[in-house]
Amino acid sequence: MRSRSAVLETAILGLLNSAPLHGYELRKRLNLLLGSFRAFSYGTLYPALKSLVARNLIEATEPDPATAARPSARGSARPSAKTARSSRTGRRGRIVYRLTAEGKEYLQTVLASSGPAAWEDESFDVRFAFFAQTDAETRIRILEGRRTRLTERLEAVRESAARTRERLDEYTFELQRHGLEQVEREVRWLDGLITTERDRALGRDRDHDAGAPGAPAPRNKERG
């Protein structure tokens, strides 16, 4: 599915924007940061990395074995046991991936988008995980879009529950109620986030206006 691969690519680019990483570390961070990606395997990750390299969005660098075996600053000429084992077995060092200039530009374009694709279940968690790299106006649009989508879903679930209540056994009803409560909690969570983002934006606007040229200086109270 293209949307799923696009979401994985965004997650990879967002993580590499912070620091270069090798594939194993990338997968660990995806699992840690984006719980929805726990199902991804190396068989899914590495084709995505290969595609990003082919499109010049990231570059892959393999450590030089000669550099790895170089003496340390303390003058030890002996390579580590791990390096020696790799040399004997012919194993290559881990490939390190990093963003290219084109990759940085592409990532900024993706993070600046706020259309319906950013609100859906498949991609919202990923976009939210990189809100620190997203401008405030885009964050608010995505949060509001997500809230609208969930509110619509909430109404649909409530209507369905009202129609089918008498035909459901107690366990199916409890499962339906649990799903309804989950959506309600997320809507409340989104409400709080939107309020926080708007308050921050309002505070920035006030600070900007106060420091604008020609803005009246605050008056000191006269004594006596």
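Lys28 is partly exposed, its relative accessible area being 41%. This value, like the others in this report, was computed on a predicted model.

The side chain of Lys28 forms a salt bridge with that of Glu25, with 3.5 Å from N to O. Both residues belong to helix 2 (residues 23–33), and because Lys28 and Glu25 are 3 residues apart there, about one helical turn separates them. This is one of 18 salt bridges found in a search of the whole structure.

Two further pairs involve helix 8. Arg149 and Glu120 meet through their side chains in a salt bridge of 2.1 Å, N to O. Arg149 sits in helix 8 (residues 136–164), while Glu120 is in the loop between helix 6 and helix 7, so this pair ties together parts of the chain that are 29 residues apart in sequence. Arg149 is partly exposed at 22% relative accessibility, and Glu120 is partly exposed too, with a relative accessible area of 29%.

The other pair is Arg146 and Asp121, whose side chains form a salt bridge at 2.8 Å, N to O. Here too distant parts of the chain are linked, as Arg146 is in helix 8 and Asp121 in helix 7, 25 residues apart. Arg146 is buried, because its relative accessible area of 5% falls under the 20% cut-off. Asp121, in contrast, is partly exposed at 43%. Salt bridges with shared partners join Asp121 and Arg146 to Arg153 and Glu186 in one network.

| Salt bridge | N to O distance |
|---|---|
| Lys28 and Glu25 | 3.5 Å |
| Arg149 and Glu120 | 2.1 Å |
| Arg146 and Asp121 | 2.8 Å |

Glu197 counts as buried because its relative accessibility is 7%, under the 20% cut-off. Apart from neighbours within four places in sequence, Glu197 is in contact with Ala136, Arg139, Ile140 and Leu143.

The sheet is open and consists of 3 strands in the order 1-3-2, with antiparallel pairing. Strand 1 (21–22) and strand 2 (58–61) are the edge strands; each has a single partner strand, so one side of each has no neighbour in the sheet. Strand 1 and strand 3 (residues 96–99) run antiparallel and are joined by 2 bridges. In one of these strand pairings, Leu21 has Tyr97 of strand 3 as its bridge partner.

The remaining topic is the second largest pocket. The space in this pocket is about 300 Å³. Its lining consists of 17 residues, and those nearest the centre are Ala6, Val7, Thr10, Ala117 and Ser123. Sorted by class, the lining of the second largest pocket holds 7 nonpolar, 5 polar and 5 charged residues. Helix 1 (2–16), helix 6 (101–112) and helix 7 (121–129) each contribute at least two residues to this lining. Of the contributors, helix 1 gives the most, with 6 residues.

Note on methods
Residues numbered from 1 in each chain as written. Predicted model: local features only at pLDDT ≥ 70, side-chain atom pairs only at ≥ 80, totals over all residues. Heavy atoms only, no water. Buried < 20%, exposed > 50% of the residue type's maximum accessible area, 1.4 Å probe, protein only. Contact = heavy atoms within 4.5 Å. 1 Å grid on protein atoms, 1.4 Å probe; cavity = no way out; pocket = protein on both sides within 12 Å on 5 of 7 lines; lining within 4 Å. Points joined across faces, edges and corners; volume = space filled by probe spheres on them. Helix = DSSP H or I, 4+ residues; strand = E, 2+ residues; numbered from the N terminus. Nonpolar A, V, L, I, M, F, W, Y, C, P; charged D, E, K, R; others polar. Pairing = 2+ DSSP bridges. Salt bridge = Lys/Arg side-chain N within 4 Å of Asp/Glu carboxyl O.
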